[in-house]
Amino acid sequence: LLSDQGVKLMIPFLGKSNIKVLSLARCGLHDKSARYFRNNKFLIKNLLHINVSNNSITYKGAKDLVGTLKHAKEYGTNLYISYDGNERMTAKGLRLLQNTEMELALLGMGD
């Protein structure tokens with residue numbers, strides 16, 4: 001499994017690449033990985049889809065994923081994050097992500 005440490009080590013290389021889709025489903029990720037994405041805004045310029053499904057991201061990580069989505073919008077990127085199947089995600093975390101996606105989609109309609 002890649003794990004949070006693997007994501008941390010991978011991030012500098014992602015910033016130099018043209019990768020559009022990053023699939024990290026079932027990689028043993030936790031909230032730290034979500035925080036690494038939020039804290040490394042330069043990644044968002046190229047990525048169009050991040051899949052973090054079927055990991056162990058909680059509500060705290062959901063808040064970081066929301067930050068990542070908002071950073072992407074600021075850069076003019078329509079980033080999509082797949083997050084289903086995170087066994088530790090609460091209904092509150094799911095709602096937060098879903099509401100943010102809807103809000104950003106509505107903002108995009110006005111562009």
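I take helices (H or I, at least four residues) and strands (E, at least two) as DSSP runs, numbered from the N terminus. I work with a predicted model, in which local features need pLDDT of at least 70 and side-chain atom pairs count only at pLDDT 80 or more, while totals for chains, interfaces and linings use all residues. I number residues from 1 along each chain as its sequence is written, and side-chain values use heavy atoms, with hydrogens and water left out.

**Entry 1. Positive phi**

I looked up S3 in helix 1. S3 is not a glycine, yet it has a positive phi of about 70°. For burial I use relative accessible area: buried is under 20%, exposed is over 50%, and partly exposed is in between (1.4 Å probe, protein chains only). S3 counts as partly exposed because its relative accessibility is 26%.

I then turned to N54, in the loop between strand 2 and helix 3. N54 is also a residue other than glycine with a positive phi, near 55°. At 29% relative accessibility, N54 counts as partly exposed.

I found three strands in an open sheet, in the order 1-2-3 and with parallel pairing. Two strands pair if DSSP finds at least two bridges between them. Strand 1 and strand 3 are the edge strands, each pairing on one side only. Neighbouring strands of this sheet are turned by 5° against each other on average, direction ignored. The axes for this angle are lines fitted to C-alpha atoms (for helices, over the stretch in contact), and angles run from 0 to 180 degrees between N-to-C directions.

I noted three bridges between strand 2 and strand 3, in the parallel sense. H49 stands opposite Y80 in strand 3.

**Entry 2. Helix 2 and its cover**

I asked which residues of helix 2 (residues 31–39) are buried. They are D31, S33, A34, Y36 and F37. The cover over these buried residues includes helix 1 (3–14), strand 1 (21–23), strand 2 (49–51) and helix 3 (59–74). I count a contact when heavy atoms lie within 4.5 Å.

I followed D31, which sits in helix 2. D31 counts as buried because its relative accessibility is 14%. Leaving aside residues up to four places away in sequence, D31 touches S56, I57, T58, K60, G61 and D64. The C-alpha atoms of D31 and G15 are separated by 20 Å, with the two residues 16 apart along the chain.

I also looked up T68 in helix 3. T68 counts as buried, at 0% relative accessibility. Not counting residues up to four places away in sequence, T68 touches A34, F37, R38, I44, L79 and I81.

**Entry 3. The cavity**

Rolling a probe the size of a water molecule over the atoms shows where empty space is left. I use a 1 Å grid over the protein atoms alone: a cavity is a set of points where a 1.4 Å probe fits but cannot get out, a pocket is an open set with protein on both sides within 12 Å along at least five of seven lines, and lining residues have an atom within 4 Å of a point. Grid points are joined across faces, edges and corners, and a volume is the space filled by probe spheres set on the points.

I found one cavity of 30 Å³ or more. The largest cavity holds about 40 Å³ of space. Its lining is made by L14, S17, I19, L43, N46 and L47. By class, this lining has four nonpolar, two polar and no charged residues. Here Ala, Val, Leu, Ile, Met, Phe, Trp, Tyr, Cys and Pro count as nonpolar, Asp, Glu, Lys and Arg as charged, and the others, Gly among them, as polar.

I examined L47, in the loop between helix 2 and strand 2. L47 counts as buried, at 2% relative accessibility. Its contacts, not counting residues up to four places away in sequence, are I19, K20, V21, L22, T77 and L79. L47 and L22 are 25 residues apart in sequence and 7.4 Å apart in space, C-alpha to C-alpha.

**Entry 4. The pocket**

I read about 170 Å³ of space in the largest pocket. Lining this pocket are L69, K73, T77, N78, L79, Y80, I81, E101, L104 and A105. Helix 3, strand 3 (80–82) and helix 4 (91–109) each supply at least two residues of this lining. Which element gives the largest share of the lining? I recorded helix 4, with three residues. The lining divides into six nonpolar, two polar and two charged residues.
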